[in-house]
Amino acid sequence: MLSTVSLVEGFEKVKAEQDADQDVHLKGPGSTGSTLCGMKAAGSATGEVTCYRCHEFARGNV
């Protein structure tokens with residue numbers, strides 16, 4: 001499991017359109033509707049962030 005306790009500050013947890021895995025993604029402040037990994041956001045979500053790419057972007061590793 002990815003640790004995101006300190007990562008989500010300043011980011012919004014969202015679902016993404018056409019995401020077969022139904023992951024929880026992150027959307028940055030001022031975003032025009034895209035997640036950090038580039039998918040189209042489809043509404044808010046709760047729980048742990050499960051998108052590895054969003055997690056890595058939030059950490060600054062990408």
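## Helix H1

In this predicted model, helix H1 spans residues 52-59, and its buried residues are Cys54, His55, Glu56 and Ala58. Buried denotes under 20% relative accessible area, with exposed set at over 50% and partly exposed in between (1.4 Å probe, protein chains only). Helices (H or I, at least four residues) and strands (E, at least two) are DSSP runs, numbered from the N terminus.

Strand S2 (25-27) is included in what covers the buried residues of H1. Just after H1, Gly60 adopts a positive phi of about 85 degrees.

## Nonpolar core and Cys54

The largest nonpolar core comprises six residues: Leu26, Cys37, Val49, Cys51, Cys54 and Ala58. Such a core is a set of buried Ala, Val, Leu, Ile, Met, Phe, Trp, Tyr and Cys residues joined through side-chain atoms within 4.5 Å.

When residues up to four places away in sequence are not counted, Cys54 touches His25, Leu26, Thr35, Leu36 and Cys37; contact requires heavy atoms within 4.5 Å.

## The chain as a whole

Of its 62 residues, 35% are buried. Among contacts between residues at least 6 apart in sequence, 45% join residues at least 24 apart.

The chain exposes about 3,900 Å², of which carbon and sulfur atoms supply 48%. Accessible areas come from the Shrake-Rupley method with a 1.4 Å probe; for residues, only the protein chains shown count as cover.

## Basis of the values

Residues are numbered from 1 along each chain as its sequence is written, and side-chain values use heavy atoms, leaving out hydrogens and water. Local features need pLDDT of at least 70 and side-chain atom pairs count only at pLDDT 80 or more, while totals for chains, interfaces and linings use all residues.
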